[in-house]
Amino acid sequence: RTAVETQASATVTADRDALTTITRVEAIPYSVPYRVPGRFASGAVERADNVLVRVHCADGLVGQAEAQPRPYTYGETQATIVAAVRHRLGPALATAV
């Protein structure tokens with residue numbers, strides 16, 4: 001092995017060892033009312049029904065993101081996103097690594 005290969009291998013090992021473990025994933029549904037409802041040919045939208053996704057790590061780090069359902073475009077709803085995070089994504093991430 002060359003010095004560059006040895007250094008690259010050591011860097012990859014250090015990066016892998018520095019990875020944290022995901023301990024918990026939360027799906028928190030919430031609604032935000034619109035000041036002015038969106039009106040479409042198919043009806044009106046009175047509020048944004050979104051989901052806050054929080055990822056907790058063993059080292060105390062917490063990340064979060066917002067998931068916005070698009071029921072008219074893709075068919076998902078706030079309830080299907082919550083179910084996917086709680087029953088599929090969360091358990092898969094918490095057991096990975």
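**Accessibility, salt bridges, sheet and pocket**

Mentor: D49 has a relative accessibility of 23% and counts as partly exposed. Please bear in mind throughout that this is a predicted model.

Trainee: Why does D49 count as partly exposed?

Mentor: Buried residues lie under 20% relative accessible area and exposed ones over 50%, with partly exposed in between. D49 is at 23%, so its class is partly exposed.

Trainee: Which residue forms a salt bridge with D49?

Mentor: A salt bridge requires a side-chain nitrogen of Lys or Arg within 4 Å of a carboxyl oxygen of Asp or Glu. For D49, the closest N and O atoms of the pair are 2.9 Å apart.

Trainee: How many salt bridges does the structure hold, and what is the N to O distance between R24 and E26?

Mentor: The structure holds 2 salt bridges. R24 counts as partly exposed, because its relative accessibility is 43%. Its side chain meets that of E26 in a salt bridge, with an N to O distance of 3.7 Å.

Trainee: What is the order of the strands in the open sheet?

Mentor: The sheet has 3 strands with antiparallel pairing. Its edge strands, each pairing on one side only, are β1 and β3. Neighbouring strands are turned by 20° against each other on average, direction ignored. The order is β1-β2-β3.

Trainee: In β3, which residue is the bridge partner of R54?

Mentor: β2 and β3, the latter covering residues 62–67, pair in the antiparallel sense over 6 bridges. H56 stands opposite V62 in β3. For R54, the bridge partner in β3 is Q64.

Trainee: Which residue in the hairpin of β2 and β3 takes a positive phi?

Mentor: This hairpin has 4 residues between the strands. The phi in question is near 95°, and the residue that takes it is G60.

Trainee: Which strand gives the most to the lining of the largest pocket?

Mentor: The largest pocket has a volume of about 410 Å³. Of the 18 residues that line it, the closest to its centre are V45, R47, P69, P71 and Y72. β1 (22–40) and β2 (43–57) each supply at least two residues of the lining. With 7 residues, the strand that gives the most is β2.

Trainee: How many charged residues does the lining of the largest pocket have?

Mentor: By class, the lining has 8 nonpolar and 6 polar residues. The number of charged residues is 4.

Note on methods: Residues are numbered from 1 along each chain as its sequence is written. This is a predicted model: local features need pLDDT of at least 70, side-chain atom pairs count only at pLDDT 80 or more; totals for chains, interfaces and linings use all residues. Side-chain values use heavy atoms; hydrogens and water are left out. On a 1 Å grid over the protein atoms alone, a cavity is a set of points where a 1.4 Å probe fits but cannot get out, and a pocket is an open set with protein on both sides within 12 Å along at least five of seven lines; lining residues have an atom within 4 Å of a point. Grid points are joined across faces, edges and corners, and a volume is the space filled by probe spheres set on the points. Ala, Val, Leu, Ile, Met, Phe, Trp, Tyr, Cys and Pro count as nonpolar, Asp, Glu, Lys and Arg as charged, and the others, Gly among them, as polar. Two strands pair if DSSP finds at least two bridges between them. Axes are lines fitted to C-alpha atoms, for helices over the stretch in contact, and angles run from 0 to 180 degrees between N-to-C directions. Buried means under 20% relative accessible area, exposed over 50%, partly exposed in between (1.4 Å probe, protein chains only).
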